Structures are given as structure tokens and as C-alpha cells.
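This report describes the fold, the packing and selected side-chain contacts of one protein chain. The structure follows.

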Amino acid sequence: EEHLLALDVTAWLFLAQITGDLPLPIDCEIDQFNRETLIAAMDSPLLRRQVDPAYREKWEDTIRVDHWAEDRSDCRTRDMIWNLWDIQYRILARDALDSGYPLGIGSFDALNERGQALVSFNMITDYARYELDEGSSKNWDTFRDCDPSCCYSIFTGQRASPLKRQWLELDGSELEEIVDGEAGDGDGGTGITPEIFMADMAGPGSLSLQVGIKV
């Protein structure tokens with residue numbers, strides 16, 4: 001998850017500054033650094049809504065419940081969410097490079113395959129909640145019962161294992177009582193592109209995942 005990775009990268013960033021491997025910038029460099037980051041954030045409507053009060057006010061005055069931006073199945077909304085994750089991970093990639101963090105996920109300009117895979121995984125887990133339909137509630141399905149096979153370790157390639165049974169029916173604390181270990185075997189590859197993400201997620205009952213996602 002982005003938050004756990006961000007904590008680790010930030011710890012490395014502090015360590016690099018404390019030990020002198022990454023000298024602290026002077027005030028004018030800090031201003032330029034923050035300005036460049038904020039300018040890049042303007043390309044993400046969802047991120048700009050968080051950091052720009054005037055934009056947020058306009059958004060709240062304009063965007064209503066029936067607007068496409070409030071519909072997560074709309075391809076334009078998917079574009080915005082992907083873009084939000086993308087820029088957050090590009091900021092993290094920049095900090096990882098500055099701190100000498102051992103995991104490379106790209107740069108502030110562009111994510112590499114691992115970085116794009118992390119964005120895809122967040123999209124998959126985020127949309128697990130929105131894949132539920134009326135039949136899901138009748139079957140007592142939750143977002144935890146989604147198919148996790150599209151997610152895999154960016155270190156080993158091993159894919160995530162599905163639960164042995166529905167989340168609400170799990171009983172036991174041992175690993176073999178919770179997940180199907182065999183389903184998690186296999187090489188997930190070095191990364192999944194937006195196109196592979198769309199193809200893997202598309203299928204019967206899925207939302208309109210065939211649409212393209214901009215990176």
C-alpha cells in the first residue's frame with residue numbers, strides 16, 4: 001500500500017538528511033521544489049481539489065451527485081483516479097531516489113513497470129468495493145471476497161491467494177485455513193501496464209473496465 005511504502009521512504013529520507021547524504025536545501029530551493037510539485041498536482045483534478053481551496057469551492061458548487069465525476073464506473077472518473085495514484089507514486093518515486101531507497105519505482109517524470117504495477121494494484125483494491133452488486137449482498141459477499149489474482153509481489157512475482165471461503169465464513173487462524181496457497185503460486189511478471197490491468201479486470205459482471213486509462 002502507498003501509505004506503508006511512503007512511511008518507509010520518508011524514514012530513509014530523514015536518515016539521509018540527518019547523516020548528510022542528502023543536504024538540506026536552502027529556502028529558495030525549497031520554494032522552487034514545492035512550486036514544481038504543486039504545478040504538477042494541478043494536472044490531477046482530485047489532487048488539486050485537495051490542495052487548492054478556490055478549485056475545491058468551484059468543484060463543490062458545480063459537481064452534483066448525478067455528475068459523471070461521482071460515478072466510479074465512468075471511464076473519465078477512472079482516468080482521474082488513476083491520475084491521482086500516478087502522481088502520488090511519482091512524488092514517492094522522487095523521494096525514494098533522493099533518499100537512496102533500495103526499491104526503484106521510477107522517477108517524478110514517469111513510473112517504471114513496478115511503479116505502474118503499484119498504481120494498478122491500488123486501482124484494483126479500490127474498485128473491489130464498487131464491483132459489488134445486488135447479487136453480492138444476497139450472497140453475503142464483501143470487498144474482501146474479490147479476486148486478488150491480478151495483484152502480485154513486485155519482488156517475487158507471486159500472485160495473491162484468494163480466500164478459501166467467503167470472508168464472513170472464515171473460521172480459524174492458521175494460514176491454510178484462510179487462503180488457498182496453491183492459487184498464489186506462479187510468476188506475476190515484472191509489472192502490469194494499464195492495458196494489462198484493464199484486460200485482467202474486464203469480465204462478466206465487471207464494470208466498464210475495457211475503457212483505456214491515461215497515464
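## Packing of helix α2

The buried residues of α2 pack against α3 (45–51) and α5 (75–99). The model under discussion is a predicted one. In α2, the residues T37, A40 and A41 are buried. They lie on the same side of α2, because the arc they cover around the axis is only 110°. On the other side of α2, the exposed residues are D27, C28 and I39.

## Overall architecture

The protein chain contains nine helices and zero strands. Its pattern along the sequence is accordingly written α-α-α-α-α-α-α-α-α. Of the 215 residues in the protein chain, 34% are buried.

When contacts between residues at least 6 apart in sequence are considered, 57% of them join residues at least 24 apart. The protein chain exposes about 13,000 Å², and 54% of this area is supplied by carbon and sulfur atoms.

## The largest nonpolar core

Which residues have the most contacts inside the largest nonpolar core? They are L5, Y89, L118 and F121, within a core of 36 residues. Two or more residues are given to this core by each of α1 (2–19), α2, α3, α5 and α6 (113–127). Helix α5 provides the largest share of the core, 10 residues.

## Helix α6

Why is α6 described as largely enclosed by the rest of the structure? The reason is that 12 of its 15 residues are buried. These buried residues are G115, Q116, A117, L118, V119, S120, F121, N122, M123, I124, D126 and Y127.

The geometry of α6 agrees with expectation: at 1.5 Å a residue, its 15 residues should span 21 Å, and its end C-alpha atoms are 21 Å apart. The N-terminal end of α6 is capped by N112, with a side-chain oxygen 3.1 Å from the backbone nitrogen of R114.

Residue R94 is located in helix α5. Is R94 buried or exposed? Its relative accessibility is 13%, and because the cut-off for burial is under 20%, R94 counts as buried. The side chain of R94 forms a polar contact with the side chain of T37, at 2.9 Å. T37 is one of the buried residues of α2, and the buried residues of α2 pack against α5, among other elements. Apart from neighbours within four places in sequence, the residues in contact with R94 are F33, T37 and F108.

Residue W85 also belongs to helix α5. Its relative accessibility of 15% means that W85 counts as buried. What separates W85 from L118 in sequence and in space? The two residues are 33 residues apart in sequence, and their C-alpha atoms are 8.9 Å apart. L118 is itself one of the buried residues of α6.

Technical notes:
Residues numbered from 1 in each chain as written. Predicted model: local features only at pLDDT ≥ 70, side-chain atom pairs only at ≥ 80, totals over all residues. Heavy atoms only, no water. Buried < 20%, exposed > 50% of the residue type's maximum accessible area, 1.4 Å probe, protein only. Helix = DSSP H or I, 4+ residues; strand = E, 2+ residues; numbered from the N terminus. Arc of directions from axis to C-beta. Contact = heavy atoms within 4.5 Å. Core = buried A, V, L, I, M, F, W, Y, C linked by side-chain atoms within 4.5 Å. Polar contact = N/O pair within 3.5 Å; in protein donor to acceptor, adjacent residues only side chain to side chain. Areas by Shrake-Rupley, 256 points an atom, 1.4 Å probe, with all protein chains shown as cover. Expected span 1.5 Å × (residues − 1).
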